[in-house]
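Dear colleague,

I am handing over a structure that you have not worked with before, together with notes on what was found in it. Please look through the sequence and the model first, and then read on.

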Amino acid sequence: MKTVYTHQKIDHLTGEVIESKFIKKEVKSREDFVLLYMHHIAALAKLPHYELKVLLSLAPVINWDSGDVEITAKVQQALEETSGLTYATIKSAISRLAKKNLLKKIKNNWYEVNPEIFWRGSDAARQKQFSLTYQWTIE
């Protein structure tokens with residue numbers, strides 16, 4: 001539980017705290033979510049089925065606050081299990097997603113997700129990623 005709000009009644013003559021009220025909220029760990037921006041959902045729905053499966057299967061392995069992912073043998077195996085697709089189909093989908101600027105290849109086996117569409121991390125880190133220009137199209 002994390003305290004998200006504190007309210008205190010203070011005696012203005014003495015400065016003494018008379019009453020304190022704490023509102024607590026359970027905060028899930030940062031690994032439990034990925035942001036997917038609403039105004040892009042319709043466009044993403046137009047992706048071929050296998051590309052969308054790969055994109056969504058990548059979500060759990062996107063690095064927090066950097067938006068990058070290394071497609072290691074272990075990640076590739078997890079993608080195959082999660083998506084039900086073959087190695088060749090996943091490789092093709094990643095290549096096509098990169099051509100559409102939904103992913104950006106940054107070096108061998110390393111990709112970055114487009115922060116305008118998909119993000120895992122803080123908004124401040126996401127804003128830093130906008131220093132790179134992304135434009136994307138879905139054919």
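A word on confidence comes first: pLDDT is the predictor's confidence in each residue, on a scale from 0 to 100. The protein chain has an average pLDDT of 83, and 83% of the residues score at least 70. Confidence is lowest in strand 1 (residues 2-10), with a mean of 69, and highest in helix 4, with 95; helices (H or I, at least four residues) and strands (E, at least two) are DSSP runs, numbered from the N terminus. Where pLDDT is low, the predicted coordinates should not be read in detail.

This is a predicted model, in which local features need pLDDT of at least 70 and side-chain atom pairs count only at pLDDT 80 or more, while totals for chains, interfaces and linings use all residues. Residues are numbered from 1 along each chain as its sequence is written, and side-chain values use heavy atoms, with hydrogens and water left out.

The nonpolar core

A nonpolar core is a set of buried Ala, Val, Leu, Ile, Met, Phe, Trp, Tyr and Cys residues joined through side-chain atoms within 4.5 Å, where buried means under 20% relative accessible area, exposed over 50%, and partly exposed in between (1.4 Å probe, protein chains only). The largest such core has 22 residues, and those touching the most other members are Val54, Leu58, Ile71, Ile94, Leu97 and Leu103. At least two residues of this core come from each of helix 2 (49-58), helix 3 (73-83), helix 4 (87-99) and strand 6 (110-113), and helix 4 gives the most, with four residues. Leaving aside residues up to four places away in sequence, Ile71 is in contact (heavy atoms within 4.5 Å) with Leu58, Gln76, Leu79, Ile94, Asn109 and Tyr111.

Strand 6 and its partners

Two strands pair if DSSP finds at least two bridges between them. Strand 6 runs antiparallel to strand 4 (residues 68-70), to which three bridges join it, and Glu70 stands opposite Trp110. Strand 6 also pairs with strand 5 (residues 103-107) in the antiparallel sense, over four bridges, and here Trp110 is the bridge partner of Lys107. The hairpin of strand 5 and strand 6 has two residues between the strands, and in this hairpin Asn109 takes a positive phi near 65°. Both faces of strand 6 are covered, with Trp110 and Glu112 buried on one side and Tyr111 and Val113 buried on the other. Glu112 counts as buried because its relative accessibility is 8%.

Most residues other than glycine have a negative phi, and most peptide bonds are trans.

A buried serine

Ser83 is found in helix 3 and is buried, with a relative accessible area of 3%. A polar atom of the Ser83 side chain lies 2.6 Å from the backbone oxygen of Leu79, and a polar atom of that side chain lies 3.2 Å from the backbone nitrogen of Leu85. Not counting residues up to four places away in sequence, Ser83 touches Lys53, Ser57 and Ile90.

With best wishes

How values were computed. A polar contact is a pair of N or O atoms within 3.5 Å; within protein, one must be able to donate a hydrogen and the other to accept it, and residues adjacent in sequence count only if both atoms are side-chain atoms.
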